[in-house]
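This report goes through a protein structure one topic at a time.

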Amino acid sequence: MAAHLKKRVYEEFTKVVQQQEEVATKKLRMTKPSKSAALHIDLCKATSPADALQYLLQFARKPVEAESVEGVVRILLEHYYKENDPSVRLKIASLLGLLSKTAGFSPDCIMDDAINILQNEKSHQVLAQLLDTLLAIGTKLPENQAIQMRLVDVACKHLTDTSHGVRNKCLQLLGNLGSLEKNVTKDAEGLAVRDVQKIIGDYFNDQDPRVRTAAIKAMLQLHERGLKLHQTIYNQACKLLSDDYEQVRSAAVQLIWVVSQLYPESIVPIPSSNEEIRLVDDAFGKICHMVSDGSWMVRVQAAKLLGSMEQVSSHFLEQTLDKKLMSDLRRKRTAHERAKELYSSGEFSSGRKWGDDAPKEEIDTGAVNLIESGACGAFVHGLEDEMYEVRIAAVEALCMLAQSSPSFAEKCLDFLVDMFNDEIEEVRLQSIHTMRKISNNITLREDQLDTVLAVLEDSSRDIREALHELLCCTNVSTKEGIHLALVELLKNLTKYPTDRDSIWKCLKFLGSRHPTLVLPLVPELLSTHPFFDTAEPDMDDPAYIAVLVLIFNAAKTCPTMPALFSDHTFRHYAYLRDSLSHLVPALRLPGRKLVSSGLSPNITPHEDPSHQFLQQSLERVYSLQHLDPQGTQELLEFTIRDLQRLGELQSELAGVADFSATYLRCQLLLIKIMEETYKMEFMYSGVENKSVVDPLFGMCEKFLQEVDFFQRCFIADLPHLQDSFVDRLLDLMPRLMTSKPAEVVKILQAMLRQSTFLHLPLPEQIHKASATIIEPAGESDNPLRFTSGLVVALDVDATLEHVQDPQNTVKVQVLYPDGQAQMIHPKPADFRNPGPGRHRLITQVFLSHTAWTEPCQVEVRLLLAYNSSSRIPKSPWIEGGEMSPQVETGIEGTIPFSKSVKVYIMPKPARR
Amino acid sequence: MLSSVVHSQNSPPSLPLQWPSPWPTRAQHASRPAIGALTPLLPVGSGSPLATSAPRCPRTWFLSRGFCRVLLPASFPLWHLSHRSLLNSPVFLLLLLPQILAGQWERGGHGRASDWSSHTGAGQDVGRSCILVSIAGKNVMLDCGMHMGFSDDRRFPDFSYITRSGRLTDFLDCVIISHFHLDHCGALPYFSEMVGYDGPIYMTQPTQAICPILLEDYRKIAVDKKGEANFFTSQMIKDCMKKVVAVHLHQTVQVDDELEIKAYYAGHVLGAAMFQIKVGSESVVYTGDYNMTPDRHLGAAWIDKCRPSLLITESTYATTIRDSKRCRERDFLKKVHETVERGGKVLIPVFALGRAQELCILLETFWERMDLKAPIYFSTGLTEKANHYYKLFIPWTNQKIRKTFVQRNMFEFKHIKAFDRAFADSPGPMVVFATPGMLHAGQSLQIFRKWAGNEKNMVIMPGYCVQGTVGHKILSGQRKLEMEGRQVLEVKMQVEYMSFSAHADAKGIMQLVGQAEPENVLLVHGEAKKMEFLKQKIEQEFRVNCYMPANGETVTLPTSPSIPVGISLGLLKREMAQGLLPDAKKPRLLHGTLIMKDSNFRLVSSEQALKELGLAEHQLRFTCRVHLHDTRKEQEMAMRVYNHLKSVLKDHCVQHLPDGSVTVESILVQAAAHSEDPGTKVLLVSWTYQDEELGSYLTSLLKKGLPQAS
């Protein structure tokens, strides 16, 4: 076997060489005949079908140009007629299909032949393949009605074939090419317009499950192509729901869903009764029933589709959450109902008593319907399913339905809360996200909140963060609820100190959403006493800061609250307002002069003082007329410092401020460069004139070329550059062209000195990409020990803000003490997207080194890779002009955008 | 006007292998007359035996979804065939009537129907599952359980019910054990070693592994602790296990040439299985105990659409629809968590296997998730052994455990450690699982006595407690307990009840019935009153018969087996060629002859049948005279008939023969003058039986008269 393989590899290798020779002859314009001719010769040479097959396989490896396709097709067809071996014919048929897909080749010329050979073909497999080829031809010519009709005709004729493969392909053909318009104008050939839907519908009852599936799929295909399906299909599809084969059931569920979306309001009778219901409700009931199907694929499908049935009546919707419990034929209340009752009776959190859940009233045995006729309990089953795929689908569906129906949202809350305890983290996470999405519609009861908060102790950071996000937008009904949430969050904080920021943020929103509920809690939270002064809490305690964040945010809309503050609270406010400005809002405090006190609460961003400050400082810079070294440099330096500070204070302006500061720094550098050049020119003696002048000619020429090219490329953007250096440069172009290098330099120098700053219009939303490495924390004194030469895995966990396309741009860099640097590309799966603009990188970095005598620190940091060419082609102006070689080879590089973290490692020498 | 005569050409009318067409003789215009008739000799459909009703006409021959089958009621009576004067027809073999016999039985005196509720009632049914199924001559015993409530002879089933004389091995073809609970396998060593059975015993591999541990434990308690004599020994358990054959899930095991069994996943406990027992086309599915909702360590029961003749299902929760498990789990975890956070101790009395592992997994994952530090302990050596097997049989657990075991086997508990007696006194919070589950003796009771006085502590009862046990007392709210030695124990600790049951509820049972689509359902393992409700529901919603036999009762089910009939390819092709593809929506008729020889059935063409049986062909011709008032000559008359028929029957070959007669296919029409009335012509129409359709159409056409010559 191995020898055989080797031989084949060798053969192929030699063949490849031959091909190259052929390619070389291309210059002589011999390719076109030679391609088909070579094939022809090969096929004639073939002594056995196996040989012919080999040739064909080889032929299929290389592409064929559009102009030689027809010739090749003729050769293939010719051989097809002669060939007796079905496998070779099969290959030819598949090649025909491939060739007809060639771009630029119109396959209508080979259709007749294809149909012809179809009629004489006996082998079912080849037939199926030929139909596939016809499908390829048909899809290539979507406009040609006549051809489509003809193909549909052919498909109909072969629908009665005994092989399932052929029937499958026919149905596929019908689904893809069946005519859309009912009244196609009488065709010249007089082909009757067939009712494609009816023909396909007949095959819903085929004996082969594969054909049944294909029929349903074809029907769905028709729908996708815009053909309106008849309502009669609904009943047929319903029957298929009890098919023996899962793929049929799965497709049937889809079809029912499609029909229910098409005819939601039509009325269908309920079998074995005189009542009638809306079709969408009926379909909903049927799909709900499939949530307890035997096959999990069908269950997933059904659960997913339930979510998008929004027209269903609320009565049916609410049934999905009702399972009608009973015990020994007596009605029993669910744990949810009991919890609700306990809550409303004011007795929260009672211990479970023996017989607490004892069933109450008797049930009429006749009325109990064990096989749910409707939607009864579908979600209860779906959420309890053994496959987590089904559970996730059910949670998603719940989410979508709850978003469109507030009353349903209220009802499904208990179930979602229960899902917080699922055994699979993905499901838990999904249900927390779902809850967040519907949180506008709901208010959490205290007992529900209790369950939600219990999850705060989860050891998974993802879960906790998701939960914080959820709490940010939850409505709580009582002050006890707020208190409970605060206590649990503080517990969370002590257990997982790394969650600090996320918890503070969460409390910020919690406070601003519930000012009136926080108000009565303030004395308790601040532990103030009406008569006695209490000890001043530690200002650096994260828990205390958390409490203050809650209170200050509540106080923003509750003017009576500051009256309850003690003196040190005000002091702490001032400090926090400065140090954590993104968490602590501006307050109107009595007796305090604050900038914001005079302003109305709803200030637009432009009237915002910090924004004004930004504008003013930028305008000050732009008003500079000349790049006068001394004063300008100082002003620039101050402005840069101001901007940076502003960015730190005002998180929403951070992007703009940092961006401007960076821009100004560029200007500053330019000034410095000029200054240094003068130094070079005038401070040093003995600089040979020759050594400077010779390259100058070349440089000048190049410079002029570039300016010229620049002008052509940026012609559309030139008006933006008025009054700048560029503008003047272009004005002076004719003069420059004629001048000598020395003069050019002189002119340019003068111009540079006179030019003003380019006024950079700032877009509203500039965000700075940033990254924070959470893990490794870099605080450990215990070195990570490993045997040298082997690797050690280091878990890296980081949050990324405002990074576009992190999968491709974010890299991890490890710097060893010996200066060696290692770049690691994280896998795309390592990035998660917890919220808009935010990403989280959880990956493993493998470290290795030769043995050290002592533990030492390596640095880990994140880099943002860029490729200058990757951005340029997107801009519209490059389309016209040809690319200069400089632009073409984009500059690649990386920018570090996170603080580096030091990790203590110790590669030990290997023991022998 | 119309008269039919049977022209029987030198043959007695005793052998009409083919009957006239049952197809309605409605004329079919311009289409080929329906392909005559075949005739399955035997009535089809209708599950009820036809013996009492008048024999109905033979009906259709099915050709749907690719296979042909003749349905035959099992109790098809011989006289019914003879009535059709078939007795002198070819070799005819009466089919062996397959019957399914099922019943539960136990020791005499307690097995009567009236006694049912006294033993299985009171809400707790622990048992004695033992069912004998006799299917198409094969005898299979399903489960071999013991009763926990008795310690005398009554605890084991009375195997003398099976056969009074002779050895069990001769009578039983195999024994199947569904899972390792003692009420399903407890009597096995007694049955195989003491009563004597040497045939194969089938069970799944986890059951095979864990079952002997439990049996040995049971034996120890019975013999060593209670000092019982005449009990099976350790050696007997070993010998018994040697007879066990392990089966895999979905593996079809051929017990003998005809009997095959197949296991399906059942949830409930590790290794629990449902079994399909199949003989020919008859099959029975026995569920054992099963669970349709997954739990923390096991998945849900699943079965394919195997359409058994009979489904024997447990019905422990026949009248209950349970709440979602999640609330209970959450409550349980919250309570344990709160107590531990308070610094209290939690005692969870459990039975060694089954629920204990589920709770362990639940707590273990919770501890992991919440990063808790309080220790969890698990008592007794029995569990350690069993846990070992839980680690091994990962394919039998649920999706989560199966998916994550590569990283970490969930049964390799990180937080759960073995318990030592000394730990009970150590300070600080802890959680302890201890046996037995009802707090009536042993370690759990010892720990309970130590901890009961502290209100910070908590005891969680995860299952039902029998009356009289400490567990039952504290659950019913008693706070002062009298212990032995007149001590009074004051219970200050919190008492919680948390039920985790692993049986299917009413909805689950219905779901399984819906999945398997059985023809009959038999309910076992439940209370009569509750089963009555479920029986009614099953009959109402699935329209199948449902039975609920009492102990010792036998149920006999008639079945309608499908009998495969071989058809010769030539015949099939020939008949297929006459029409379009078989349309699944309509039954198709075939011409053919059914031959029953030895025990196989064949459908062959009539020519071949005649040849094989060495019989001469008899032709059956119907002749009919049609009187027409016409004064013209016979020749002319024949010509007009010819023209008329030709215009009407376009698709058929109409010929005018030189002798003046007209033929349409094989139908002959001759015109003759009436012997008495010259103004009336008589048309003689004659057709063979095969062309009955066309013939009768033709006569009715001719009867209407000929159109006036234009």
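The side chains of Glu496(B) and Lys335(B) are joined by a polar contact of 3.5 Å. A polar contact is a pair of N or O atoms within 3.5 Å; within protein, one must be able to donate a hydrogen and the other to accept it, and residues adjacent in sequence count only if both atoms are side-chain atoms. Glu496(B) belongs to strand β22 (residues 494-497) of chain B. Helices (H or I, at least four residues) and strands (E, at least two) are DSSP runs, numbered from the N terminus. With a relative accessibility of 2%, Glu496(B) counts as buried; buried means under 20% relative accessible area, exposed over 50%, and partly exposed in between (1.4 Å probe, protein chains only).

## Basis of the model

This is a predicted model, in which local features need pLDDT of at least 70 and side-chain atom pairs count only at pLDDT 80 or more, while totals for chains, interfaces and linings use all residues. Residues are numbered from 1 along each chain as its sequence is written, chains are lettered from A and ligands numbered from 1 in the order in which they are written, and side-chain values use heavy atoms, with hydrogens and water left out.

## Chain A in outline

Chain A has 39 helices and 14 strands. Of its 912 residues, 46% are buried. Among the contacts in chain A with a separation of 6 or more, 73% are between residues 24 or more positions apart; contact means heavy atoms within 4.5 Å.

One residue of this chain, Thr843(A), lies in strand β11 (residues 838-847) and is buried, at 8% relative accessible area. Its side chain makes a polar contact of 2.7 Å with that of Asp830(A). Leaving out residues up to four places away in sequence, Thr843(A) touches Asp830(A), Pro826(A), Leu794(A), Asp795(A) and Val796(A).

## Nonpolar cores

A nonpolar core is a set of buried Ala, Val, Leu, Ile, Met, Phe, Trp, Tyr and Cys residues joined through side-chain atoms within 4.5 Å. The largest one has 178 residues, and Leu134(A) and Ile200(A) touch the most other members. Helix α28 (residues 542-555) of chain A supplies the largest share of this core, eleven residues. A second, separate core has 128 residues, including Ile210(B), Cys211(B), Leu259(B) and Ala374(B).

Which residues does Leu134(A) contact, apart from its neighbours within four places in sequence? They are Met111(A), Ala114(A), Ile115(A), Leu118(A), Leu151(A), Val154(A) and Leu173(A).

## Salt bridges

A salt bridge is a side-chain nitrogen of Lys or Arg within 4 Å of a carboxyl oxygen of Asp or Glu. Over all chains, the count is 58. Asp422(A) and Arg391(A) form one of them, at 2.8 Å from N to O. Asp422(A) is in the loop between α20 (406-419) and α21 (425-437) of chain A and Arg391(A) is in helix α19 (residues 388-404), so the pair ties together parts 31 residues apart in sequence. Both Asp422(A) and Arg391(A) are buried.

In chain B, Lys305(B) and Glu517(B) meet in a salt bridge of 3.6 Å, N to O. Lys305(B) lies in the loop between β13 (282-286) and β14 (310-314) and Glu517(B) in the loop between α14 (506-516) and β23 (520-524), so this pair ties together parts that are 212 residues apart in sequence. Lys305(B) is partly exposed, at 24% relative accessible area, and Glu517(B) is partly exposed, at 28%. A network of salt bridges links Lys305(B) and Glu517(B) with Asp244(A) and Arg307(B).

## Cavities

On a 1 Å grid over the protein atoms alone, a cavity is a set of points where a 1.4 Å probe fits but cannot get out; lining residues have an atom within 4 Å of a point.

Thirteen residues line the largest cavity, with Glu423(A), Pro294(B), Asp295(B), Arg326(B) and Glu329(B) nearest its centre. Helix α8 (residues 325-342) of chain B gives the largest share of the lining, three residues.

Methods. On a 1 Å grid over the protein atoms alone, a cavity is a set of points where a 1.4 Å probe fits but cannot get out, and a pocket is an open set with protein on both sides within 12 Å along at least five of seven lines; lining residues have an atom within 4 Å of a point.
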